[in-house]
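Me: I have a model open and want to go through it with you. Can we start with the contacts between chains?
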Amino acid sequence: MLPEWLTRPPAGPVPRPAGRRVRRRSFLAATLAAVQAFLADALGNGPVEGGRDGGWLARADPRGKVTGVLLLLLAAALAREARTLLALHLLAVALALSTGLPVGRLLRRVWIGIPLLTAAIALPATLSWVRPGEPLLWLWRVGEEVRLGPLALPGELAVTRQGVQGALVLVLRTGTSLGYLFLLTWTTRFSGICRGLRALGVPPLFVAILAMTHRYLVVLVQLLEELFTARRARPGAVAGAAGARPAQAFVAGAIGVLLHRSEVLTREVHEAMVTRGFRGEVRLYARPNRSRPWLLPLLAGLVGAAAVLSERLPGGG
Amino acid sequence: MAEPTKQGEPKQGEPILQVEDVWYRYLGRFPALAGVSLAVYPGEFLAVLGANGSGKSTLLRLLAGLIHPERGRVRAFGVELRPETLEDAAFGPAFRARVGVLFQNPDSQLFNATVEEEIAFAPLQMGLDQGEVARRVEAMLALLDLGHLRDRPPFQLSGGEKKRVALAAVLAQGPEVLLLDEPMAGLDPRSQDHLADLLAELHRHGRTIVMATHDLDAARFLAGRVVVLGEDHRVAADGPPEAILRDTALLRAANLISARDRRGAGARE
């Protein structure tokens, strides 16, 4: 027997749009959408024009790409000069252009977000209190030490050349490293990255755990997406209509569902592994080698590394 | 579904799998099996029918040695399945190599980075050399028409493709016994036909198959024997499919057909 309210006739015509907009997408929804988009790019799932399905870099052997990118990351980590890092970054952009990747999208991904956060963290390091040096801009100059109770403040505060250079190198290093990582994940399936790591002698157990973590992270992100899609399909889910509290409650519930689902998945995956003979030791498949070009990306890595090392030679940078 | 040729059911000798008065509850509270006994003989194709929650999947997990009964015994190849016997260096790996399990949810079964690595997993754990593993991988890719997907991550495939990859991964170990949990679920009609033909061929070649399903057509076309699990988690019937699938009263009581279902009209009520 249906309840009475379910048998009532429709409440009247559906209101026409009144021209007033409900508040834009909530901060929470926008953040989750951004996280999903970032994960799709970083985990190697998002479609990338000229990426995984075309371009010479996509066709290159993953072993060469992984080795080349690792060399370039090492170079970025060792570089001490901003101009060297800039050159390395330009090399990444040139590689992206040559293989047909969308450079604008690459630059947006690289420079919006993490490097800006790095800049915020590095900001105090530009000040003379943290990094003494040649002043570029005076922020505070009273000459004598200022005492505020037990606290003694120096009489001068300036942005220093050495501090700015240090912060710039840090931000450029972050951006350059991210650029190469996106270059790799946009042109290589995750399985290829795993194959490259194995070719470099990374232990099979580590590679297997990495591959499974990636695989189930993707599954859980998909689940999260489905949860939010299902919520959008329900009444009262118009963005911002009900305030922040229900949204927070929903996110807390979604986290609980994800936790439970990941626990169930862990058990099921272990059972599936056991039924197929897993007894604690991981053995991985070494596909019969197929000849593919790998020299060029490796060469790029070597060139980048050499450029940085030249900084350290007598007469260099 | 095209009707594959069914072979007479050999029911002789020692059972290859045996369940004796087995009881199992989840979390110690929710009953899944309540005093179930049955035997599976070498070369049989057994369909385990039951409504949702009747205990079909639990029965398969017990037969696979993934869980153990609170009461009663489960035997495989004449050996009782207990944690100690499955840990045994001789019996454990041999049991795993001989018994292949296809799970209901392919997402939990496909944990490798690519389709070909998925198929290679079991043969590698069995200690086969890389050359033999590669041969098995190629054979399974060809058999299940997966060659064009070999480099794809399994989680990016469609439901039907995932099911095919999961089956290829199980068959690659060359199992003597197949435990299949709802193998037809989520497949389109053509894929169902293909799978039915494949299972019938495996059966013709002497494989023992236990298929948990609530798909009566699959049971009718494929199985030589049907066991019905009732909603009380006990065996409600055990016999040839022709007799059991005509018994509409039994099927209704087991919640396998609806009260409006006219199938078997004129048959035994």
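Me: What does Glu118(B) form a salt bridge with?
Reply: Arg276(A). The closest N and O atoms are 3.0 Å apart. A salt bridge here is a side-chain nitrogen of Lys or Arg within 4 Å of a carboxyl oxygen of Asp or Glu. This is a predicted model: local features need pLDDT of at least 70, side-chain atom pairs count only at pLDDT 80 or more, and totals for chains, interfaces and linings use all residues. Residues are numbered from 1 along each chain as its sequence is written, chains are lettered from A and ligands numbered from 1 in the order written, and side-chain values use heavy atoms, without hydrogens and water.

Me: How many salt bridges cross the interface of chain A and chain B?
Reply: The rule finds 3. Over all chains, the structure holds 20.

Me: What about Arg198(A), which side chain does it meet in a salt bridge?
Reply: That of Glu117(B), at 3.9 Å, N to O. Arg198(A) lies in helix α9 of chain A and Glu117(B) in helix α5 (residues 115–125) of chain B, so the pair joins two chains. Helices (H or I, at least four residues) and strands (E, at least two) are DSSP runs, numbered from the N terminus.

Me: How many residues does each chain bring to the contact?
Reply: Chain A gives 32 residues and chain B gives 42, with contact meaning heavy atoms within 4.5 Å. About 3200 Å² is buried between the two chains, and carbon and sulfur atoms give 52% of that. Buried area is the accessible area (1.4 Å probe) that two parts lose on being put together, summed over both.

Me: Switching to the sheet in chain B. What's the strand order?
Reply: β6-β7-β8-β3-β9-β10, 6 strands in an open sheet with mixed pairing. Strands pair if DSSP finds at least two bridges between them.

Me: Which strands stand at the edges?
Reply: β6 (99–102) and β10 (235–239) of chain B. Each has a single partner strand, so one side of each is left without a neighbour in the sheet.

Me: How do β9 and β10 of chain B run?
Reply: Antiparallel, joined by 4 bridges. Val226(B) stands opposite Gly239(B) in β10(B).

Me: And which strands does helix α3 of chain B touch?
Reply: β6 and β7 (177–181) of chain B. The direction of α3(B), residues 91–98, makes about 55 degrees with that of β6(B). Axes are lines fitted to C-alpha atoms, for helices over the stretch in contact, and angles run from 0 to 180 degrees between N-to-C directions.
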